[in-house]
Amino acid sequence: MRYIIIGAGAVGGVIGGRLAESGREVVLVARGAHGTSLRENGLRLRVPDGDFVHRLPVVDGPAELGALRADDVLVLAVKTQDSVAALHAWGPAPVAGGGTAAERLPLVCAQNGVESRRLALRTFRTVYGVCVWLPCTLVEPGVVSAAGTPLTGVLHLGRCPHGTDETVRRIAADLEKSHFEAPVVPDVTRWQYAKLLANLGNALEAVSGPVSGADAERLAARVRAEGVAVLDAAGIAYVGAEEQRAARGDKVTLVPLDGVPRGGGSSWQSLHRGTGTIEADYLNGEIALLGRLHGVPTPLNDLLQRLANAFARERRAPGSMPVGELVRLAEEEMDHSNSA
């Protein structure tokens, strides 16, 4: 199979680089300065076992590839806010022998949140979800890093909305030869909702920096508790902490990498790069949506969603709001919610 990585940023670049390293055929899809650097200098992958440069085909859309191959696997690794544009571009792409990508090719959603798989299922017939446990960074154009060892990441995979099949098992086998553990599960959505709960703190980190210290940790716990209350009210199953610990154990231990400054998670990185967008609508906003549908107030997730979007829109520096100020705003939001 040939893997077409749609969005070769941090997650996509690391997955693509590791697959290429194990001998898989990989095409990277990227634009802007990152795409230019990938074309001119190759993909530089910095991991605990060394620095590797992979010179791979790079395109900015399907037209450059002509008719896609029947054995292509599309890996959607853009941020969720960019999913619709990517799906509209790649879904109608012709496949050799007839039909389109949406009709004939598997699409693997390697993204945070749960919305992209729903967007994909509107047009693609065969969609797979991934619970992405992969600490990684887009260091600079053309350079990505992943500090995990002995494994680069743990990627639970399954068919959407549920089930497994031979295709996902073949994809998992390729990933397992590429420094990942890739369990194939019939209930991948349950893992994705557990990761959603973990990702609710992304906006907190993006706005006020690392979640450390009593005030930040208490706020993060309250934000997550809102998420748990919403999922429980909606009857949505999610993997518990003990099952997650058993699955991941110490398989992905982070180590310092030379030349890679310590940064933050995916939302923090979006602000750091000044992209002008952030994924909060599909993380904290997912909880807000479910809360409104099921009558559960979500004032803290509403606040973080609003602040993260303002930071992105105004291109404010990540971590620039003092935690004390954020806690004050959170208390005001809670007071207003309780009195409403």
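Predicted model: local features only at pLDDT ≥ 70, side-chain atom pairs only at ≥ 80, totals over all residues.
View 1. When neighbours within four places in sequence are left aside, the contacts of R248 are with C131 and W133.

**View 2. The packing of helix α9 against helix α14****.** Two packed helices are described by the angle between their axes and by the distance between those axes. For α9 (residues 214–234) and α14 (residues 323–339), the angle is about 35 degrees and the axes are 10 Å apart, with α9 passing α14 in a left-handed crossing. On the α9 side the contact is formed by D215, A216, L219, R222 and E226, which meet V323, L326, V327, A330, E331 and M334 of α14. Of the residues in this contact, seven are nonpolar and four are charged, while none is polar.

**View 3. Two cis peptide bonds, T149–P150 and C160–P161****.** Most peptide bonds are trans. The bond that joins T149 and P150 is cis, with omega at about 0 degrees, and P150 has its place in strand β11, which covers residues 148–150. A cis peptide bond also joins C160 and P161, here with omega at about 5 degrees; P161 is located in the loop that runs between β12 (153–159) and α6 (166–176).

**View 4. Two loop residues with positive phi, H179 and R315****.** Most residues other than glycine have a negative phi. H179, which is not a glycine, has a positive phi near 75 degrees and is found in the loop between α6 and β13 (180–181). H179 counts as partly exposed because its relative accessibility is 29%, a value that falls between the limits of 20% for buried and 50% for exposed. R315, likewise not a glycine, has a positive phi of about 55 degrees and sits in the loop between α13 (299–314) and α14. With a relative accessibility of 53%, R315 counts as exposed, since that class requires a value over 50%.

Definitions and conventions
Residues numbered from 1 in each chain as written. Heavy atoms only, no water. Axes fitted to C-alpha atoms, helices over the stretch in contact; angles between N-to-C directions. Helix = DSSP H or I, 4+ residues; strand = E, 2+ residues; numbered from the N terminus. Left-handed = near helix turned anticlockwise from the far one by under 90°. Contact = heavy atoms within 4.5 Å. Nonpolar A, V, L, I, M, F, W, Y, C, P; charged D, E, K, R; others polar. Buried < 20%, exposed > 50% of the residue type's maximum accessible area, 1.4 Å probe, protein only.
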